[in-house]
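My entries follow in the order in which I checked things.

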Amino acid sequence: MRCHSRRIPAALAVLAASALLLSGCGAPDGGGDSDSAAGKVEGQVTFQTWNLKARFQKYFDGVIAEFEKKYPGTEVKWVDQPAEGYPQKLSADAAAGTLPDVVNVSPDLAYPLAKAGLALDIGKVAGKYRGEYLDGAWKSQEMPGMPGVYAFPWYLNTGPVFYNKDLFRKAGLDPAKPPTTYDRLFADALTMARNSDRKIAMLAGTPSIEDFGRYGVRLMDVRGTAFTFNEPKGVQLLTHYQELYAAGALDPQALTAVAESAGRKFEQQSVAMNPGSALDLENFRRDAPGLYRNIGIIDAVNNTGKANMYVQGLMVNAQSKVKPAAVAFAHFVTDQRNQMAFAKQVTVFPSTKGALDDPYFTKEDGTDATRVRVAAAKSLKNAVNYTPVLLSDQMKTVLRNAVARALQGKQTPKAALDSAVAECNRLLKTG
């Protein structure tokens, strides 16, 4: 299972703001006394997750039963929404004033709700729990330009990169020494394209904002109010990708590729490297045994020494009429014991301090799946979420189109990124 990665549509910010105005909920910081979560833990808590019920109903039924036993007088109503259309569902609920009491969100989904005063400041009402969570996970729930933390950190994920040792060998590259930095990646990619007569590409996708972050590009200014990925280092990264594309070191369909199609290219052994997970590894073992025998596993290439962290959280509705119970339940679900139990059922990682030191995440048993888990857990201890909270779906499309223009030679990398930054900053200001 991979962490949810869908970004929020810009319209949600507008709708959330509308909901705030309609409700008379006060200032965008959450509304003073309305933030209070003091009082008896009782009442019915509506709990909404994101595409989890089909596979994990037994686990959540157990957590809910334990919570209700611990706090007599409480009842938890669990609602699970499909992945498709989840941001739109939040949008509709925000506009209608019907957000559940506890909501599964990623930071980008939480941001417009927090800005509109619809997300409770967990740092203010439950700051005593701060020390239970990894620093990076807690900070991932902070929102640019706003004091506070707007969700309890929940499960984390990060992805290793798989590479095809046989394709490396055939290209004259040492499969025991795969690239770990971008400079080495670019050099090896050009070698592979040249030695395979452009038949084998190293990569199947163009650079995303995460790649800019892992390359060491400053993505936003220090105040988090403007995008800056057009700085010289960003131009340098895109220039390298332009060279790869021209040399055949990127798959010909890279400009239109999505994660699923890139994965198929890797499975068909026409691409030599691709991000993945332990679940992908199990699929290779079953569906592509020839590939599986030649799989190498490394951390994602970066120049920063820090992996990317995908993070989910549990937000408490600032308008909830059962705030004490909602806060208690959100903390209960995300405490170390329950996060650890969840992580043993699915390929995710706890956001609580100390959990990643458990033997489950540190001891290998000789299997590749365990190797992936141990490596990922180690990298998560100091991982960061490179994707800016403020980067909307629309802005991602702007960047993707700019990258395509540069790779096709329609614009220079600098001109393409300058235009992308200008448009993203315009969208940032207009909401």
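**Entry 1: a helix across the open sheet**

I began with helix H14 (residues 323-333), which lies across strand S1 (43-50), S2, strand S3 (102-105), S6 and S10 and runs at about 155° to S10. For the angle I used axes that are lines fitted to C-alpha atoms, for helices over the stretch in contact, with angles from 0 to 180 degrees between N-to-C directions, and contact itself means heavy atoms within 4.5 Å. Helices (H or I, at least four residues) and strands (E, at least two) are DSSP runs, numbered from the N terminus.

I noted that this is a predicted model, in which local features need pLDDT of at least 70 and side-chain atom pairs count only at pLDDT 80 or more, while totals for chains, interfaces and linings use all residues. Residues are numbered from 1 along each chain as its sequence is written, and side-chain values use heavy atoms, with hydrogens and water left out.

Which order do the strands of the open sheet of 5 strands take? I read it as S2-S1-S3-S10-S6, with mixed pairing, where two strands pair if DSSP finds at least two bridges between them. Strand S2 (74-81) and strand S6 (152-157) are at the edges and have a single partner strand each, so one side of each is left without a neighbour in the sheet. Direction ignored, neighbouring strands of this sheet are turned by 20° against each other on average.

**Entry 2**

I then turned to the open sheet formed by 3 strands, whose order is S8-S7-S9 and whose pairing is antiparallel. Strand S8 (273-275) and strand S9 (295-298) stand at its edges with a single partner strand each, so one side of each has no neighbour in the sheet. The twist averages 25° from one strand to the next. Strand S7 (residues 161-164) pairs with S9 over 4 bridges, and Val161 stands opposite Ile298 in S9.

I also looked at strand S4 (residues 142-143) and strand S5 (residues 146-149), which pair in the antiparallel sense over 2 bridges, with Glu142 opposite Val149 in S5. Their hairpin has 2 residues between the strands, and Gly145 takes a positive phi near 75° there.

**Entry 3: the nonpolar cores**

I took a nonpolar core to be a set of buried Ala, Val, Leu, Ile, Met, Phe, Trp, Tyr and Cys residues joined through side-chain atoms within 4.5 Å. Buried means under 20% relative accessible area, exposed over 50%, and partly exposed in between (1.4 Å probe, protein chains only).

Which members of the largest nonpolar core touch the most other members? Of its 74 residues, these are Met192, Met202, Phe227, Phe229, Tyr241 and Met273. Helix H18 (residues 393-407) gives the most to this core, with 8 residues. Leaving aside neighbours within four places in sequence, I listed the contacts of Met273, which include Val161, Phe162, Tyr163, Met202 and Ile298.

A second, separate core has 55 residues, among them Tyr129, Ala137, Phe342 and Ala355.

**Entry 4: helix H10 and its cover**

Helix H10 (residues 232-247) has 16 residues and reaches 23 Å from its first C-alpha to its last, close to the 22 Å expected at 1.5 Å a residue; that expected span is 1.5 Å times one less than the number of residues. In H10, Gly234, Val235, Leu237, Leu238, Tyr241 and Leu244 are buried, and what covers the buried residues includes helix H8 (182-195), helix H9 (209-215), H18 and helix H19 (413-430). Gly248 follows H10 and has a positive phi, near 85°.

**Entry 5: two single residues**

Gly172, in the loop between helix H7 (165-170) and H8, is exposed, with a relative accessible area of 62%. Gly172 and Met192 are 20 residues apart in sequence and 7.7 Å apart in space, C-alpha to C-alpha.
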